[in-house]
Amino acid sequence: MATQHSRSAARIMISPAVVLLLAWMIVPLVLTVYFSLLRYNLLMPGTERFVGFLNYKLFYQNPAFWTAMLNTLLLVGGVLIVTVVGGVLLAILLDQPMWGQGIVRILVIAPFFVMPTVSALVWKNMFMNPVSGLFAEFSKAVGLQPFDFLTHAPLASIIGIVSWQWLPFATLILLTAIQSLDSEQMEAAEMDGASPLSRFWYITLPHLSRAITVVILIQTIFLLSVFAEILVTTNGGPGNASTNLTYLVYARSLLNFDVGGGSAGGVVAIILANIVAIFLMRMIGKNLDA
Amino acid sequence: MGRITLDKVTKKFGDVEVIPPLDLTIEDGEFVVFVGPSGCGKSTLLRLIAGLEDVTDGEIRIDGQPATDLPPAKRGLAMVFQSYALYPHMSVRKNIAFPMKMAGMPEDEQKRRIDNAARALNLTDYLDRRPGQLSGGQRQRVAIGRAIVREPAAFLFDEPLSNLDAALRVGMRLEISELHKRLDTTMIYVTHDQVEAMTMADKIVVLRAGNIEQVGSPLELYRNPRNTFVAGFIGSPKMNLIEGAEARKHGAETIGVRPEHIDVSASEGTWKGRIGVAEHLGSDTFFHVHDTGLAETLTIRASGEVGLRHGDTVFLTPQADKIHRFDAQGLRIA
């Protein structure tokens with residue numbers, strides 16, 4: 001990419017992809033914003049008319065809105081904490097030489113390959129079901145009342161399910177980062193009199209900071225839009241105890257057939273995602289600089 | 001104090017015996033160099049002393065106290081690694097402070113020692129930089145600084161100069177020697193470079209395949225190599241080792257003559273040969289002489305002013321009192 005000629009050639013060559021991608025993003029975005037300004041209900045076709053910001057006002061005044069907002073942040077934050085802490089610990093464990101390492105690594109990575117609906121259903125029916133689930137069996141075996149996870153702790157249960165899915169991803173990235181740690185650095189710290197805990201705190205953790213940042217950023221993108229796990233387990237309930245923003249948008253547009261309100265929710269979701277992104281980059285973005 | 005004794009120390013990796021039972025005593029304040037070709041076990045031996053590897057059998061004593069089962073930090077030794085092993089996310093100051101911080105030393109004492117070390121190593125202007133912003137030689141000095149603030153019983157150096165360029169290496173070699181003179185602390189230094197061994201050591205330990213081939217001062221090893229391996233390893237350029245009929249004339253299986261102990265003449269001498277490559281270093285010239293009637297190419301060292309060139313015919317005479325004789329096992333014949 002040195003000469004003027006090769007630079008302009010490069011621009012011409014990438015322009016079709018750029019134009020295509022731009023159209024792919026701009027068209028749905030513009031349509032969403034447009035719909036959000038209409039009274040657009042699928043039950044009353046032909047009555048669409050411009051209502052200004054009424055949809056936003058209604059969406060904002062919806063009692064479920066703040067709950068959904070809070071649930072979204074709790075879900076993202078909860079899963080991030082579980083996966084980063086658990087991922088670091090698992091990565092250190094998997095880095096130890098042990099018998100059957102290959103099989104254990106495959107087992108740890110396996111949940112990532114199970115699709116969200118399936119894993120959520122497995123958790124709901126095989127583990128958390130208060131009558132026939134494994135957890136209920138355990139409770140009964142030790143003489144306790146079975147706990148109905150999805151009724152009494154719906155959001156925590158969903159955080160658990162989603163964490164289980166994302167833990168392998170975090171573990172995998174952190175494991176590769178741990179393996180790139182120079183062993184002489186560890187030995188130097190050992191000679192310097194650092195205990196295993198101090199070695200973890202002063203050497204391993206700073207070494208992992210960049211990988212942890214990557215894990216947090218990538219997971220946040222996906223966790224803001226968790227949907228399938230909620231749909232197949234709690235349907236956002238009981239009440240709206242496990243409704244997040246994505247689910248609320250779905251409920252407005254496809255359960256209440258209110259496309260206008262749903263679009264307004266979509267735009268709010270975009271704004272929330274950007275606020276979260278700005279905060280994240282402010283907090284941890286500097287870790288990505290070499 | 002730093003007197004280190006190895007008593008029948010053995011190291012096995014699985015079934016492979018890397019270091020057969022080995023005895024060695026390192027006196028307090030000595031500069032000892034472990035030298036040998038790569039894979040001879042010199043780094044392993046250093047790591048055994050440091051405590052980074054477990055001893056399979058035998059005992060290590062530091063100042064008379066058994067240290068075989070002590071963890072590395074409790075042995076009172078400091079190590080400088082080949083890759084420097086600086087902590088990349090800490091400033092130079094924090095790197096140097098790390099061992100003291102781990103030992104829970106008071107802040108003002110830490111600061112005093114950091115300042116002393118920084119002054120001694122010319123690092124004062126770099127204390128707030130990260131290792132990534134330093135040159136190779138500066139990183140090396142930080143690694144040494146991190147070692148000296150602990151005031152250890154002995155320093156261990158694992159090929160510390162091998163990542164530096166030639167000019168810097170000579171400079172650092174001098175600095176480490178000066179450091180040793182000043183601190184008067186035991187130093188153990190591992191290298192594969194016999195020039196470093198010769199120039200720095202009080203005592204050289206030549207290793208081959210985990211065995212000690214010879215222990216002695218640089219000049220002892222140069223003058224009286226115990227066998228053909230040491231003879232060929234110590235000295236640059238290498239000693240000429242000649243086998244066959246010429247050796248038997250001297251009552252030996254192999255004779256060795258150093259390049260600097262062969263006299264060159266244009267008219268008469270013991271061996272007649274033709275000059276192949278001539279390496280002019282300015283102060284010296286190395287000639288590689290072929291067609292002498294011996295199986296081996298001879299290397300000779302002459303002063304820089306000798307006016308001989310490629311293709312010239314020369315006559316060579318070994319200095320009679322400087323011929324080393326070795327028997328069929330390669331051992332020196334006294």
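This is a predicted model: local features need pLDDT of at least 70, side-chain atom pairs count only at pLDDT 80 or more; totals for chains, interfaces and linings use all residues.
**Figure 1. Asn122(B) is found in the loop between H3 and H4 of chain B.** Helices (H or I, at least four residues) and strands (E, at least two) are DSSP runs, numbered from the N terminus. The backbone of Asn122(B) has a positive phi of about 60°, although the residue is not a glycine. Asn122(B) counts as exposed, with 12 C-beta neighbours inside 10 Å. Residues are numbered from 1 along each chain as its sequence is written, while chains are lettered from A and ligands numbered from 1 in the order in which they are written.

**Figure 2. Ala85(B) lies in the loop between E6 and H2 of chain B.** Ala85(B) is not a glycine, yet has a positive phi of about 50°. Ala85(B) is buried: 25 other C-beta atoms lie within 10 Å.

**Figure 3. Helix H4 of chain B covers residues 136-148.** Its 13 residues should span 18 Å at 1.5 Å a residue. The expected span is 1.5 Å times one less than the number of residues. The end C-alpha atoms are 19 Å apart, which agrees. Of the 13 residues of H4(B), 10 are buried, so the helix is largely enclosed by the rest of the structure. Among them are Arg139(B), Val142(B), Gly145(B) and Ile148(B). The cover over the buried residues includes strands E6 (77-80) and E7 (154-158) of chain B. It also includes helices H2 (92-102), H3 (107-120) and H5 (166-183) of chain B.

**Figure 4. Chain B meets chain A.** Here 15 residues of chain B are in contact with 13 residues of chain A. Two residues are in contact if their C-beta atoms, placed from the backbone, lie within 7 Å. On the chain B side, E6 and H2 are the elements that give two or more residues. H2(B) gives the most, with three residues. This side of chain B has 13 nonpolar residues, two polar and no charged. Ala, Val, Leu, Ile, Met, Phe, Trp, Tyr, Cys and Pro count as nonpolar, Asp, Glu, Lys and Arg as charged, and the others, Gly among them, as polar.

**Figure 5. Strand E15 of chain B (residues 284-290) alternates its side chains.** Thr285(B), Phe287(B) and Val289(B) point to one face and are buried. Strand E14 (residues 271-280) of chain B runs antiparallel to E15(B), joined by five bridges. Two strands pair if DSSP finds at least two bridges between them. Ala278(B) has Phe287(B) as its bridge partner. E14(B) and E15(B) form a hairpin with three residues between them. In the turn, Gly282(B) has a positive phi of about 95°. E15(B) also pairs with strand E16 (residues 298-303) of chain B, antiparallel, over six bridges. There, Thr285(B) stands opposite Ala302(B).

**Figure 6. A cis peptide bond joins Ser236(B) and Pro237(B).** Its omega is about -5°. Pro237(B) sits in the loop between helix H8 (228-233) and strand E11 (240-243) of chain B. The domain assignment of chain B gives domain 1 (4-230) and domain 2 (237-326). Such bounds come from an automatic or database domain assignment. The centres of the two domains, taken over C-alpha atoms, are 38 Å apart.

Key: A residue is buried if 20 or more other C-beta atoms lie within 10 Å of its own, exposed if 12 or fewer, and partly exposed in between; C-beta atoms are placed from the backbone.
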